[in-house]
Structures are given as C-alpha cells and as structure tokens.
Amino acid sequence: MSRSAPRPQGVVTRGTTNPNRLRRVDNWIAVTCRDLLADASDPLVVDLGYGATPITAIELRARLAAAVRPDVRVVGLEIDPARVAAAAPAADPPRLTFARGGFELAGLRPVLVRAFNVLRQYDEAEVAGAWRTMTAGLAPDGVIVEGTCDELGRLASWVLLDASGPRTLTLAARLATLESPAELAERLPKALIHRNVPGEPVHALIRALDDGWRAAAPYATFGPRQRWVRAITALGEAGWPLLDRPSRWRLGELTVAWSAVAPGGPVTARS
Ligand SMILES: C[S@@+](CC[C@H](N)C(=O)[O-])C[C@H]1O[C@@H](n2cnc3c(N)ncnc32)[C@H](O)[C@@H]1O
C-alpha cells in the first residue's frame, strides 16, 4: 500500500463470518471472472470487509489460486483496525495480506473486489455512493461483486458491477434445503432488499420464480435441481433476461440483467 493511503471510508459494523460461507459466490467468480483474472497483468483481488476472522479471505485466495491462477494476490481490507491486527498471523505475503481500508480500497487498484455482507448493515441510501467509490478505485475493466448471504451460505445473492454501474443480479441457493425461492428475498443485496414490494421489478422476479417453483413441483421426483431448472426455464419463456446457462442453474443459480430488476424500473407483464 502507498504511504499516502487515503482515509478509510465507511463504518465498523458487526464482524459475523463463517468458514465456507462464501463458497457459492467464490465458485461463481472463479468461472464468470476467469478471463478477467487470467488476463490481468496484476491479478490483485480485494476482499473488502472480511470480518472478525480472515477465514473467507483465506478461502477466496485458495479457490482462485486453484481454479484460475496460482499467482493471484488477495488483500483483505477491513475498516476495523483490531480485525486487521487479528488477521495478521494468517497473512502469507505476497499471496495474501491484510490492511486497513474502506470503500476507497486503500488506494489499491484491484481487478476484482468481493464485498460480502458489508453493505447489508448500511442504509439503502448509502449504497450508490459506496458503489461509486469502489468502482472508481478499480483497475481498468475491473469489477465488484457485492452481495449478501445467510450465516451458512445456503442462500445468497450478489450484484456484479463495473465502471458503468451494476450489470447483473445473481440469486443462489442450496437446493437440497430450499423450501421456496421466496426465502431468497431476505438475502437480497442492500440495493434491493427493501424493494421486495409490489410494483418493484425484483418483487416480480421473486414472485415469478416462486410461481415457477410451485408449478414445477412434479419435477421434484427427479430432485430439486430438475425442479429449479424447470422453474428457471419458465422464467426464460416468460421473457426474463436470463444471462446464464443450465450448467449454472443446476448449481442453484440464476443470473439476470440488472436492468430487469433495477429499483423503480418498469415491471413488464411477463407472467
Ligand atoms: C458481517 S462482516 C462480513 C464478513 C465476511 N465478508 C463475510 O461475508 O462473512 C462485515 C465486515 O465489514 C466491515 N466493514 C463495514 N464497512 C466497511 C467498509 N466500508 N470497508 C471495509 N470494511 C467494512 C465490518 O467492520 C465487518 O467486519
């Protein structure tokens, strides 16, 4: 980090974390952002807000090193100095280091930022500014993956952003324990969690997914994956702009264009 690192932007929030909690988003990053990371002249990744222990930063580094490139570097940034100090023994420089920083990314220029369960504890009105500050700090063509999950990582969602703003929304669930896709509503990213109300596009998406899941109940005989794939297929047939393929659906994922769920956007008659 440069000696003139800017003042960390943000506030200290609860540090709750858990081993393996972010496996779904990490595996998605390893596939979806593979070329970005593989082609980067400096494969620098920031894990922003790693929490009370650095376990998810350690896991991110290990997953990307195994799946994408062994020389990937992860810097865990935390706004809480006590958590930076606590993480120090886990550092493995230059592959994995920890430093104090906030949305300004401590003056680093990463190609990718993963910020999980960080904005959840901020006000909705603060999201756009945090997104802008983070994207301004990226390397050219860099991206942010910002999202939320439950304690064990069974329900998750995230937004992919680049310098032009939000691009996609991904929903992801452990299908073996999923009762209903409506459960995902509680784990939407901060930009959307308060928008799960009638008249908002994300509400229409969750409702359509839930309807599709119920209509696909006969497929449960073949397992929850087949049921989920059928429900997502129905969404596509209804005109939702699906951006991923059945190979991702089988993992319990669904990715749509951000334009289809942006707050205040049009709710088109798709069902
Ligand atoms: C709930 S923990 C999330 C831990 C981990 N990312 C996870 O998902 O398991 C949120 C952490 O983000 C940190 N945090 C909040 N705002 C931040 C900011 N602007 N920059 C860096 N860290 C921040 C908090 O101090 C807290 O430790």
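**A ligand and its cavity**

Q: How far from a nitrogen atom of the ligand does a backbone N or O atom of valine 11 lie?
A: This is a predicted model, in which local features need pLDDT of at least 70 and side-chain atom pairs pLDDT 80 or more, while totals for chains, interfaces and linings use all residues. Residues are numbered from 1 along each chain as its sequence is written, and side-chain values use heavy atoms, without hydrogens and water. From the ligand nitrogen to the backbone atom of valine 11, the distance is 3.1 Å.

Q: Which residue has a side-chain N or O atom 2.8 Å from an oxygen atom of the ligand?
A: A polar contact is a pair of N or O atoms within 3.5 Å; within protein, one must be able to donate a hydrogen and the other to accept it, and residues adjacent in sequence count only if both atoms are side-chain atoms. A polar backbone atom of threonine 13 is 3.4 Å from an oxygen atom of the ligand. The side-chain atom at 2.8 Å from a ligand oxygen belongs to asparagine 117.

Q: How much of the ligand's exposed area does the protein bury?
A: Accessible areas come from the Shrake-Rupley method with a 1.4 Å probe; for residues, only the protein chains shown count as cover. Taken alone, the ligand exposes 610 Å². The part buried by the protein is 99%.

Q: Where does the ligand sit?
A: A cavity is a set of points, on a 1 Å grid over the protein atoms alone, where a 1.4 Å probe fits but cannot get out. A molecule sits in one if more than half of its atoms lie within 2 Å of its grid points. By that rule, the ligand sits in the largest cavity.

Q: Which peptide bond is cis?
A: Most peptide bonds are trans. One here has omega near 5° and is cis. This bond runs from proline 93 to proline 94.

How values were computed:
On a 1 Å grid over the protein atoms alone, a cavity is a set of points where a 1.4 Å probe fits but cannot get out, and a pocket is an open set with protein on both sides within 12 Å along at least five of seven lines; lining residues have an atom within 4 Å of a point.
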